[in-house]
Amino acid sequence: MMMTVIRWLAIAVVAVAVVCGDVEAAGGKTVMPWMCLQRCGRTEKQIKASLASFKERRDLVSAVSFEMYNLGADGALVLNSDLYPVVGPLTQMGVQTFPMVSSYPYPPQFLDWMRALWTNQEVGDRFIDQLVTQAKQYQHSGYNIDWEPTSRNATLEDAQQYAAFLDRMAQQLKQRANLRVTVDISSWSNIWHNWTALADTAVDRVITMSTYTNNFTTFSTNVKRGVDQIGVDKLGVGLASYNLATNQSFSLAEVKERFALIAQLDVQEVDIWRAPIPAAFWYAIKHWLS
């Protein structure tokens, strides 16, 4: 997600997560904030404050995603033990947990690590096995797959193979652990060439981050693209919790304008990058869910 923030002017990103069980809030709608933790400079005090805000607004928050894992070489699922362990407190408060499997800090060989998952079935199976094991150990609800390869060498063939791997992974996770699947994609690489092809896999949710923009016209265009190419049954609309151009908060009027469009288009999920969540967003979320 951090690379998405850096590239916000040029990219259209879609996020995919793996989820288990019912994560819907009122009226079948879903709200999922992300926690970037120390990777975004958060202190332990700030992280605990965000956890407290989720607990206080438990009726508004369906799920929380947070930095926890990375994809490594040879299908390794790398546990980042240096990050604050939010999974326990979130599980205790009854929030669905979606630990991220991240590409941060975006090593140049990351695309090769991705390719290994679909060019070598043993490597792909090893990765899926680890997802199942970790979900059982930590009682995860699922995973947020956030892979943003910085290499410009991705091909259209990679895009097809990536979608096929996601489809296989989603089916296996459902069969073996009753997990649901979604994936992070972006328009700045061929790896995410076809949003519809990704939506046509066994993944359950595609969350578009192309809507991080501070410009409402661009926001509207990208929400409508998601509705058209992904469909409201799988689409989640990503919202930046602050103006990425100015690093300032959005006004209440700006936030309400975005939620009005989301409601008009019957979008059923919003996903907010990143905690802490400003008061204007809590206000709009409450009214959207009511």
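1. Helices (H or I, at least four residues) and strands (E, at least two) are DSSP runs, numbered from the N terminus. Asp74 is not a glycine, yet its phi is positive, at about 55 degrees. Asp74 is also exposed, with a relative accessible area of 54%; here buried means under 20% relative accessible area, exposed over 50%, and partly exposed in between (1.4 Å probe, protein chains only).

2. Some ground rules before going on. This is a predicted model, in which local features need pLDDT of at least 70 and side-chain atom pairs count only at pLDDT 80 or more, while totals for chains, interfaces and linings use all residues. Residues are numbered from 1 along each chain as its sequence is written, and side-chain values use heavy atoms, with hydrogens and water left out.

3. The backbone has a few other spots worth a look. Most residues other than glycine have a negative phi, and most peptide bonds are trans. Asp266, again not a glycine, has a positive phi of about 65 degrees. Asp266 belongs to the loop between helix H9 (252-264) and E11, and is partly exposed, with a relative accessible area of 46%.

4. Then come the cis peptide bonds. One runs from Trp273 to Arg274, with omega near 10 degrees; another runs from Ala275 to Pro276, with omega near 5 degrees. Arg274 is placed in the loop between strand E11 (269-273) and helix H10 (279-289), and Pro276 likewise lies in the loop between E11 and H10.

5. Now for strand E3 and its partners. Nine of the nine residues of E3 are buried. Two strands pair if DSSP finds at least two bridges between them. E3 is joined to strand E2 (residues 30-35) by two bridges, and these strands run parallel. E3 also pairs with strand E5 (residues 96-102) in the parallel sense, over seven bridges. Ser65 is handy for tracing this: Ser65 in E3 is the bridge partner of Trp34, and the bridge partner of Ser65 in E5 is Phe98.

6. The pairing with E4 has the other sense: three bridges join E3 to E4, and the two run antiparallel. Within this pair, Tyr69 stands opposite Leu79 in E4. E3 and E4 form a hairpin with five residues between them, and the positive phi of Asp74 falls in its turn.

7. What is the handedness of the β-α-β unit made by E2, helix H2 and E3? E2, H2 (residues 44-56) and E3 make a right-handed unit. A crossover is right-handed if, with the strands pointing away from the viewer, the path from the first strand over the helix to the second runs clockwise.

8. Helix H4 (residues 110-119) is mostly covered, with seven of its 10 residues buried. Among the buried residues of H4 are Phe110, Trp113, Leu117 and Trp118. The buried residues of H4 pack against E3, E5, helix H5 (121-138) and helix H6 (156-177).

9. On the interior: a nonpolar core is a set of buried Ala, Val, Leu, Ile, Met, Phe, Trp, Tyr and Cys residues joined through side-chain atoms within 4.5 Å. The largest such core has 83 residues, and those with the most contacts inside it include Met35, Phe54, Val101 and Trp147. A second, separate core of 14 residues includes Met32, Phe98, Met100 and Ile207. Leaving aside neighbours within four places in sequence, Phe54 is in contact (heavy atoms within 4.5 Å) with residues including Pro33, Met35, Leu90, Ile277 and Trp282.

10. There is one disulfide by the rule used here, a pair of cysteine sulfur atoms within 2.5 Å. The disulfide joins Cys36 to Cys40, with S to S at 2.0 Å. The torsion about its S-S bond is about 70 degrees, so the disulfide is right-handed. Cys36 is buried, with a relative accessible area of 2%, and Cys40 is buried too, at 18%.

11. Finally, Thr208, in strand E9 (residues 206-208), counts as buried at 0% relative accessibility. A polar contact of 2.6 Å joins the side chains of Thr208 and Ser210. A polar contact is a pair of N or O atoms within 3.5 Å; within protein, one must be able to donate a hydrogen and the other to accept it, and residues adjacent in sequence count only if both atoms are side-chain atoms.
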